[in-house]
Amino acid sequence: MKIHQNIRPVKGYYKTLLADLEKLKFYSLKNEEIKIRDIGQFPQIELKNLDGRPDIFLNDLNPPQLEIDFKTWDVPHIIADLFIEYPIETLSSDKLKGLMTYFNSLGLSSVNYYCSNSNLTKNDLISLLDLSSKSTLSQLLLYLKYNDNLFSDDFLEMLIYNPYVQLVVISESPFNKNFEDKVHYTKDKVSGCTGASENSFSCNIMMFRESQRHHTYFNRKLCIGLNGEIKNAPECEEEFGYIQDILSPKKLKEIIASPEFQKYWYVHKELCDICKDCEFRHMCVDNRLPYQRKDESWYHKQECNYNPYIAKWKGEEGYKTLQECGIVSTNEGLSIDHVKIASINKFNE
């Protein structure tokens, strides 16, 4: 059985991913069940030994060929995503407008606003939403801390029917509720994910292209920290001044354009230990910070939730850590015990 053209194969250590970039779906099989022949831009794929096994691609063997350049990627904005932890609700109207002017100059498309102020009012949000409607934004994601002001019919209506608001998470709430799959109240504290997640994968052409040369999380991001510190992303250790000291959009653009600020933008998965052996590497948004060795190779200090050498998720039956599989990735280098991995996979079959 053969599949052509817009189905992109991504070979991992143990499994190969088949990504359908037109239908936005994917499927993975053991490497031994797939044969790939490189015949140019669109490789030919042969599926073997699949008797009795469902396959989401078998009903469409001749999809239309997509004219896609996978070697280049670009977008019209300097920064695609902005993370704000700085309490902008405390700013005067004029200062808030000035701040939005800086952000608009970057051509922003998405803003993630984290508010730890438990006294946030409805009027504070109205001011923010009003400025958003006059900006370059296409989506606004709000992460708020619960108070009684943030639970009423008119408050929910304001958020649910606002075209710029894509998601609202209200943490430390006395209850768990979900409204229109858009406004979520949770008893939990809001915390960032670490490593890959099955629910965070995105199978689409833009990400697949971006991932070839860029880090799909750190690329084109800007973070304004709780004290106004300017960073590439919340997880980054390097700071580049404070937003309070920025007097013009030009100065902010100069900071963003510096090689130091863009350090992680080009650290794509093919350059990182473990990730380069993962079949999900071109559809993964992983926020773990990569570290560079003296030999310029990259690794992560924190282990991912997925082990590509045995194709198991943390918590799944048969899962083992990298160390348990004989894999060591540190500042000193990478070592892989292929014999031990083969033994583990044979046992799991």
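Let me start at Asp-337, which touches Cys-325 and Gly-326 once residues up to four places away in sequence are set aside. What you have on the screen is a predicted model, so the confidence figures come up later in the talk. Asp-337 sits in the loop between strand E20, residues 333–336, and helix H6, residues 338–348. At 34% relative accessibility, Asp-337 counts as partly exposed. Ile-327 is ten residues away in sequence, and its C-alpha lies 6.2 Å from the C-alpha of Asp-337.

Take Asn-31, found between strand E4, 25–30, and strand E5, 34–37. Is Asn-31 buried or exposed? With a relative accessibility of 17%, Asn-31 counts as buried, because the cut-off for that class is under 20%. Beyond four places in sequence, Asn-31 is in contact with Lys-11, Gly-12, Tyr-13, Tyr-14, Lys-15 and Thr-16. Within that run, Gly-12 is the residue to look at: its backbone oxygen lies 3.0 Å from a polar atom of the Asn-31 side chain.

Gln-212 is buried, at 15% relative accessible area. Its side chain reaches the backbone oxygen of Phe-208 at 2.8 Å.

Next, the core. The largest nonpolar core has 47 residues. Which residues have the most contacts inside it? They are Phe-103, Leu-142, Leu-144, Leu-159, Ile-170 and Leu-222. For Ile-170, leaving out residues up to four places away in sequence, the list of touching residues is Leu-144, Lys-145, Tyr-146, Leu-150, Phe-155, Val-183, His-184, Tyr-185 and Thr-186. Apart from this core lies another, of 16 residues, including Val-10, Phe-201, Cys-203 and Phe-208.

Helix H3 is worth a look here. Its residues Phe-155, Leu-156, Met-158, Leu-159 and Ile-160 are buried. The buried residues of H3 pack against helix H2, 122–132, and against strands E9, E10, E11 and E12. E10 covers residues 165–171 and E11 covers 177–179.

On to the aromatic rings. The structure holds 24 aromatic pairs. One of them is Tyr-146 with Tyr-185, an edge-to-face pair at 6.4 Å centre to centre, with 70 degrees between the planes. Why does this pair tie together separate parts of the chain? Tyr-146 is in the loop between strand E9, 139–145, and helix H3, 153–160, whereas Tyr-185 is in strand E12, residues 183–185, so the pair joins parts that are 39 residues apart in sequence. Tyr-146 counts as buried at 15% relative accessibility, and Tyr-185 is buried at 2%.

Phe-240 and Phe-261 form another edge-to-face pair, 5.3 Å centre to centre and 65 degrees between the planes. This pair also links distant parts of the chain, 21 residues apart. Phe-240 is in the loop between strand E14, 230–231, and helix H5, 249–257, and Phe-261 is in the loop between H5 and strand E15, 290–292. Phe-261 is buried, at 1% relative accessibility.

There is a cluster as well: Phe-83, Tyr-114, Tyr-143, Tyr-217, Phe-218, Tyr-264 and Trp-298 form one aromatic cluster.

Two lysines sit over rings. The charged end of Lys-177 is over the ring of Phe-175, 5.3 Å from the ring centre. Lys-301 lies over the face of Tyr-291, at 4.1 Å from the centre of that ring.

Last, confidence. The mean pLDDT of the chain is 86, and 87% of the residues reach 70 or more. Which elements have the lowest and the highest mean pLDDT? Strand E1, residues 2–3, is lowest at 53, and strand E16, residues 298–300, is highest at 98. Over residues 58–62 pLDDT stays under 50, and for that stretch the model has eight contacts beyond four places in sequence.

Conventions:
Residues numbered from 1 in each chain as written. Predicted model: local features only at pLDDT ≥ 70, side-chain atom pairs only at ≥ 80, totals over all residues. Heavy atoms only, no water. Phe/Tyr/Trp six-rings, centres within 6.5 Å; stacked < 30°, edge-to-face > 60°. Helix = DSSP H or I, 4+ residues; strand = E, 2+ residues; numbered from the N terminus. Buried < 20%, exposed > 50% of the residue type's maximum accessible area, 1.4 Å probe, protein only. Lys NZ or Arg CZ within 6 Å of the ring centre and 35° of its normal. Core = buried A, V, L, I, M, F, W, Y, C linked by side-chain atoms within 4.5 Å. Contact = heavy atoms within 4.5 Å. pLDDT = per-residue confidence, 0-100. Polar contact = N/O pair within 3.5 Å; in protein donor to acceptor, adjacent residues only side chain to side chain.
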